[in-house]
Amino acid sequence: MRFANARSAPPALDMGSLSRSRLMLVAGVLAVGLAAIAGQILRLSLVRGESGGLHAAEPVARTFARPDIVDRDGHVIAADVGAPSLYADPSILLDVDEAVEKLVTSLPTLDAATLRKSLSDRTRRFAWIKRHLTPVEAQRVHELGLPGLAFQREPKRVYPLGTLLGHVVGRVDVDNRGVAGLERHVDETLGLEPVIGAGSSTRPPVRTTIDLGIQQALASELDAGLARYRAKAAMGLVMDVETGAILGSASLPSVDPNHIGPDDLDSIDRVQGGVYELGSIFKTITVAMGLDQGIATLAKTYDVTRPIVRDGYTIRDPHPVGRPMTVREIFLRSSNVGAGSIALEAGVPRQQMFLARLGLTGAMRTEAGPVAQPLVPGRWQELEAVTISYGHGLAVTPIQFVAAAATLLNGGYRVAPHYLEQASVPSRERIVSPETSDAIREIMRLNVTTAIGTGRRADVAGYRVGGKTGTAEMPGPKGYARKAVIASFLAAFPMDAPRYVTLVSLVEPQPAEGTRGQITASLNAAPVTANLIERIAPVLGVLPRRLNAVAVVEPEHP
Amino acid sequence: MARLVQLLAVVLVIGSGCALYALKHDTRRIEQRVQRQERDAERLQSDLAVLKSERAYLARPDRIERLARRQGLEPVREHQYLRIGQAFEDGIARLIDETRDDDATEPTTAAPGTDPVNDRNGGR
């Protein structure tokens, strides 16, 4: 239109080239301006929305979305759900005192003083009031009808299994960042995924080696053992002897990662966070050392009639037999003097070397966090060599001990205990000879089958259980206490070709029905292990011996 | 000629204006639909997450164990395993027993005191 006007102008103006060129200039400027406007209109109508800009009302608080954690069959262990979080815009809050009063009434866990302080700052546009409300709480706040309050949906971590894997899975902070256990490992290896709002993670679930069926059997049998023998605590582990994959790991009393209280922060995962002198189950290691170093054979005899005296301490057997014993019998009768004699013959340097090769004196870590450092004696002379040979003087975590036992049982290869499925199978490193491994299998099985063995109560018909008991006196303020013990049972099955190794430990068990006033592992930890293996062997596809000729049927995982 | 060009230009301007408006309107509508679908997808995803957790909560092993035991189920015992061939023979033997007129004798192939259950569903 304007161009038409410009065109129609000249006949009225006939004053020469100067005014004409001015006219052209004006027309040109107008044309450029119009073109710019047209271009802007086009841009706005066609590519609208991209630039958008910040919505003034949207808080710029970040949280993190987490991948699910599942067991080896894909059952959910930890997941994110959206939960409303309450925040305020203090600049448009009408009456701070009224708001604080009403909020504290509706959400009793809030602290009135801190809330008043954060809401009184009128210059702020955003202040969290409470994160992750339950639907009921959110409804109550909604019904208050206070202006200046709003909700934002955020990812909230939930653990549907409650206490079942409490220690292993760890926990997250209020921003959904992993601060302990597997949750922390996930963040450290996979990185953080910041989201605004309740976005869920796009990452695939993190698959663990845990089998929820095994975990439940372990937790419930430990729980039953804890109650029956009135123990203060209990821990247990089920591990694949070949790969070191952990199928179940329980430490009682457990924690619920959904509700971490102040007391729970001190609760340690005894499986890998506590070190213990594990007692006679260590004789398995000592006998293996004797065999593997070429010092002894199972048939070699040692004089165990006289106690060992070193540095003014006397080591004797509680029930001396009064004649020399073979290595086999030392193991079956769990003779301290016998184990000590083997250690003395090996010598301190060899013992230190052997324990180090089995990983019992060094650091270790798993995906659930660092494993507690073993307590190695500062002075390691002959006396310590003797006490360590029967499991006193060297305190290790149960997980480290089970890993060493797995090496002795799987033909002699190193295993690295792990909780997450591994993409590649690490190369096998030989630690002890296959002959040593065979001998350990033989005596562990014998310990359950023969009349003199200490592990008879761990036998389960058909599954060929083998094992070793250990009743370790716990160090107290006045030296070792006779009435406070850790009773442990190390077991493996099926013993002709072990596939799984288990450890059950009861802390300070008390005499109970059927223990004749005793608190030794053969009467408490061993039967708990039997109950455990009877439950898990069928689930793990281990068939009774008489069916061995039939192809092993992999059980269905529901 | 010039008039014709002008007229054409005017028509073009009006026409392109209308086309632009229509296009813009369409775009808006499509955008709204996309947003709605995105919101729906987000809501469904959030529902899915909640349902998944709820399912995991309902299927937590301690609850399943409690319910299974209430139904009289228990872990598989060693004697409950049978070879398929043996189970078959037992079945035949039982059939023969049942068809007999005289008193029913125990199947000879089953060991005394065992309960030959060839059902492994109670494993978990």
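**View 1. The open sheet of chain A.** In this predicted model, five strands of chain A form an open sheet with antiparallel pairing, in the order E11-E10-E20-E19-E18. Helices (H or I, at least four residues) and strands (E, at least two) are DSSP runs, numbered from the N terminus, and two strands pair if DSSP finds at least two bridges between them. Strand E11 (246–252) and strand E18 (466–476) of chain A each have a single partner strand, so these edge strands have one side without a neighbour in the sheet. Direction ignored, neighbouring strands of this sheet are turned by 15° against each other on average. Residues are numbered from 1 along each chain as its sequence is written, while chains are lettered from A and ligands numbered from 1 in the order in which they are written. Because the model is predicted, local features need pLDDT of at least 70 and side-chain atom pairs count only at pLDDT 80 or more, whereas totals for chains, interfaces and linings use all residues.

**View 2. Strands E18 and E19 of chain A with helix H16.** E18(A) pairs with strand E19 (residues 479–493) of chain A in the antiparallel sense over 10 bridges. Opposite Ser488(A) in E19(A) stands Gly470(A). Helix H16 (residues 434–449) of chain A lies across E18 and E19 of chain A and runs at about 80° to E18(A). Axes are lines fitted to C-alpha atoms, for helices over the stretch in contact, and angles run from 0 to 180 degrees between N-to-C directions.

**View 3. Helices H8 and H17 of chain A.** The axes of H8(A) and H17(A) are 9 Å apart, and the helices pack at an angle of about 165°. That makes H8(A) roughly antiparallel to H17(A); angles under 35 degrees count as roughly parallel, over 145 as roughly antiparallel, 65 to 115 as roughly perpendicular and the rest as oblique. Residues of H8(A) that meet H17(A) include Ile214(A), Leu218(A) and Leu222(A), and the H17(A) residues include Val528(A), Leu532(A) and Ile536(A). Two residues are in contact if their C-beta atoms, placed from the backbone, lie within 7 Å. The contact of H8(A) with H17(A) has 8 nonpolar, 3 polar and 2 charged residues (Ala, Val, Leu, Ile, Met, Phe, Trp, Tyr, Cys and Pro count as nonpolar, Asp, Glu, Lys and Arg as charged, and the others, Gly among them, as polar).

**View 4. The side of chain A that touches chain B.** Chain A gives 32 residues to the contact and chain B gives 23 residues. On the side of chain A, strand E3 (76–88), helix H8 (212–228) and helix H17 (525–539) are the elements that give two or more residues. E3(A) has the largest share, 5 residues. By class, this side of chain A has 19 nonpolar, 10 polar and 3 charged residues.

View 5. The peptide bond between Leu252(A) and Pro253(A) is cis, with omega about -5°. Pro253(A) is in the loop between E11 and helix H9 (270–273) of chain A. Another cis peptide bond joins Phe493(A) to Pro494(A), with omega near -20°, and Pro494(A) is in the loop between E19 and strand E20 (500–507) of chain A. His132(A), a residue other than glycine, has a positive phi near 55°. The loop that holds His132(A) runs between strand E4 (127–130) and helix H5 (135–144) of chain A.
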